[in-house]
Amino acid sequence: MRVDLPEPSPDERAHSERLAELIRAEISTAGGVLDFSRFMELALYAPGLGYYSAGAAKFGATGDFVTAPELGFVFARCLARAIAPTLRETRGDVLELGPGSGALAAELLAELERLDALPVRYLLLERSADLRARQREWILRHCPHLQNRCAWLDAPPVEPWRGALIANEVIDALPVRAFVLRDDDLFARAVGVDESGRFGWREIPADAALRTGISRIIPDASALPRPFVSEYCPMLAPWLAEIARNLQHGAAWFIDYGYPRAEFYSPRHVNGTLRCHFRHRAHDDPLILPGLQDITAHVDFDALVEAGRATGFDAAEPQSQAGFLMRNGLEEVFAAAYAGAADEVARYALAQQVKRLTLPGQMGEAFKVAQLRIG
């Protein structure tokens with residue numbers, strides 16, 4: 001997928017080059033090639049330089065992409081209806097992973113207050129100091145009287161807790177191993193450097209861990225076309241075990257784009273699912289603009305359910321985002337907002353928001369919601 005990308009500013013280019021130098025040094029130390037999972041980890045999370053560690057705007061119209069909460073309040077108000085029973089039952093907390101701009105936190109708090117289901121604490125797991133500041137500012141602007149319920153964490157709670165865990169578009173940014181099935185063997189996709197210093201794809205023989213993982217998720221690889229390029233997220237299970245380790249009673253909601261495994265590893269996706277976003281342009285080259293663009297891979301929702309059950313959760317069948325919103329008050333939320341809209345322009349914007357959240361060609365089918373319960 002080739003697209004014309006906007007030209008980064010000189011400061012952005014300089015920032016990207018600093019990260020590129022760090023990655024080149026690690027490639028050299030590794031012997032000339034670096035597994036893609038490590039490249040993705042550095043590109044997104046290298047301290048002070050990675051995409052999610054640096055200070056540039058990521059979300060909304062001025063950033064690189066728009067998530068459901070940035071579209072407006074409809075998504076958050078429906079999600080509030082989904083988690084309210086758990087909060088009433090547990091009288092516990094909300095833990096949001098990767099809170100982004102803070103838009104979801106602010107709207108959830110406001111709606112949970114209207115539903116008489118406020119959490120004792122609203123915990124935001126965010127390591128970026130810049131994003132923390134933006135989240136505080138958003139919450140102060142939109143629900144200042146609830147700011148004292150908010151607390152920021154660097155890591156999952158170390159003490160036992162009860163309540164609701166929320167992860168909206170988080171799993172897609174976990175580093176993945178890239179691989180290719182060819183006629184003669186399985187290869188890991190790695191990253192090297194050419195004479196001009198540019199990053200390029202390399203293929204190296206698959207190690208034992210990758211072979212074991214791929215044989216488990218694709219037991220009949222012979223049915224797939226060759227070459228078949230895809231991704232695998234071995235860190236999903238240990239990541240989930242860590243972030244939910246001390247949740248003793250409650251539920252977790254994971255909202256992301258992805259597929260059931262049979263569709264993920266099918267001829268339809270012969271070129272894999274890696275996608276990058278830079279100033280609202282989507283493309284499939286993760287090796288350019290390190291530190292300036294988001295890099296994601298679709299979620300294998302079967303792997304998520306398996307990881308949840310291995311951690312002790314009861315896992316429901318993932319559902320489409322459209323179905324989830326409909327089951328959690330979309331018609332009621334839309335009707336109330338439409339009736340209270342200031343004018344025809346506001347009503348049109350509301351209708352467009354709902355269309356983008358629910359239509360099959362937009363977020364409605366591409367995004368799935370997985371709910372895990374424990375206790």
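Visitor: What relative accessibility does Asp194 have?
Guide: This is a predicted model, in which local features need pLDDT of at least 70 and side-chain atom pairs count only at pLDDT 80 or more, whereas totals for chains, interfaces and linings use all residues. Residues are numbered from 1 along each chain as its sequence is written, and side-chain values use heavy atoms, with hydrogens and water left out. Buried means under 20% relative accessible area, exposed over 50%, and partly exposed in between (1.4 Å probe, protein chains only). Asp194 therefore counts as partly exposed, its relative accessibility being 31%.

Visitor: Which residue forms a salt bridge with Asp194?
Guide: A salt bridge requires a side-chain nitrogen of Lys or Arg within 4 Å of a carboxyl oxygen of Asp or Glu. The closest N and O atoms of the pair are 3.5 Å apart.

Visitor: Which residues do salt bridges that share partners join into one network?
Guide: By this rule, 29 salt bridges are counted. Those that share partners form one network of Arg77, Arg81, Glu107, Glu111, Arg114 and Glu332.

Visitor: What is the N to O distance in the salt bridge of Glu7 and Arg13?
Guide: Glu7 counts as exposed, at 56% relative accessibility, while Arg13 is partly exposed, at 40%. Their side chains meet in a salt bridge with an N to O distance of 3.3 Å.

Visitor: At what angle do the axes of α1 and α2 cross?
Guide: Helices (H or I, at least four residues) and strands (E, at least two) are DSSP runs, numbered from the N terminus. Axes are lines fitted to C-alpha atoms, for helices over the stretch in contact, and angles run from 0 to 180 degrees between N-to-C directions. The axes of α1 (residues 10–29) and α2 (residues 36–45) come within 10 Å and cross at roughly 155°.

Visitor: Why is α1 described as roughly antiparallel to α2, and which class supplies six residues to their contact?
Guide: Angles under 35 degrees count as roughly parallel, over 145 as roughly antiparallel, 65 to 115 as roughly perpendicular and the rest as oblique; the crossing angle therefore makes α1 roughly antiparallel to α2. Leu19, Leu22, Ile23 and Glu26 in α1 meet Arg38, Phe39, Leu42 and Ala43 in α2, where contact means heavy atoms within 4.5 Å. Ala, Val, Leu, Ile, Met, Phe, Trp, Tyr, Cys and Pro count as nonpolar, Asp, Glu, Lys and Arg as charged, and the others, Gly among them, as polar. The contact has two charged residues and no polar ones, and the class with six is nonpolar.

Visitor: How many residues apart in sequence are the parts tied together by Glu26 and Arg38?
Guide: The two side chains meet in a salt bridge at 2.5 Å, N to O. Glu26 lies in helix α1 and Arg38 in helix α2, so the separation of the parts that they tie together is 12 residues.

Visitor: What relative accessibility does Cys276 have?
Guide: Cys276 belongs to strand β11 (residues 275–278). Leaving aside neighbours within four places in sequence, its contacts include Arg281, His283 and Ile295. Cys276 counts as buried, with a relative accessibility of 1%.

Visitor: Near what value is phi of Glu169?
Guide: Most residues other than glycine have a negative phi, and most peptide bonds are trans. Glu169 is in the loop between β5 (161–168) and β6 (177–181) and counts as buried, at 17% relative accessibility. Phi of Glu169 is positive, near 55°.
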